[in-house]
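Hi,

Here's the structure I promised to pass on. Have a look, and my notes on the pockets follow below.

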Amino acid sequence: QDVAAAQQAVSQAQSQLDTARANLTKLLNPDPNDVAQLKAALDSAKAALDTAQTNWDRLVNKVDLNLRPEAVTLAQARADYNSAQAQLAAAQARLAQTLAGPLPTDVQQAQEAVNQAELALKTAQYNLDNAVLRAPFAGTVVQVNVNEGDQGSASTAVVTLLDPNQVRIDATLDESSVAQVRAGQQVLITFDALPGQQFQGQVA
């Protein structure tokens, strides 16, 4: 379960890094479609302002307006006009900022988000690596020395791993044979339990 959680953390960190990088790229390279949308919003705001201005001019010229039902309409036209002015100013500001490029502070914040996401990914990957036991060589597990839930330490031998290509054999020699044996010497090994079979070995 710890390994699965670590793997999920790595996936989430990778997703957040991809998002941060995409945001930075978008900030440095505005999408032409976004620019077109901002220009369309600007044109729409201008049209709304023109309509509000026309309604205002039509109503405000009536001398007895305050005595007529149109007084409420005038108030609404004034509110529409003010709103259209604000929307036009906002659209102009957004378009100008997009065309001028990102502010240094915005780029710095986006880059910092990328840096933090990269660090989070490295941390998650480190935790995943430490949640998995990796043998220093290929072999066969011949003994498991801990049970699920046991506390271990750096000195705990969790499993015993056997490399079938590197088997150590302790042999007893008489005194007369010791002088004839040297390190690195090739030998043939036989076992009583495996009659007819011979194995290559080397004196260590």
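A hairpin joins S3 to S4 through two residues. Helices (H or I, at least four residues) and strands (E, at least two) are DSSP runs, numbered from the N terminus. Bear in mind that this is a predicted model: local features need pLDDT of at least 70, side-chain atom pairs count only at pLDDT 80 or more, and totals for chains, interfaces and linings use all residues. Residues are numbered from 1 along each chain as its sequence is written, and side-chain values use heavy atoms, with hydrogens and water left out.

S3 (residues 186-191) and S4 (residues 194-202) run antiparallel, joined by five bridges; strands pair if DSSP finds at least two bridges between them. Val 187 sits opposite Gly 201 in S4.

Both of those residues turn up again in the largest pocket: along with Ile 169, Ile 189 and Gln 202, they lie nearest its centre, out of 22 lining residues. (A pocket is an open set of points on a 1 Å grid over the protein atoms alone, where a 1.4 Å probe fits, with protein on both sides within 12 Å along at least five of seven lines; lining residues have an atom within 4 Å of a point.) S3 gives the largest share of the lining, five residues. The lining splits into 13 nonpolar, seven polar and two charged residues, with Ala, Val, Leu, Ile, Met, Phe, Trp, Tyr, Cys and Pro counted as nonpolar, Asp, Glu, Lys and Arg as charged, and the others, Gly among them, as polar.

Cheers
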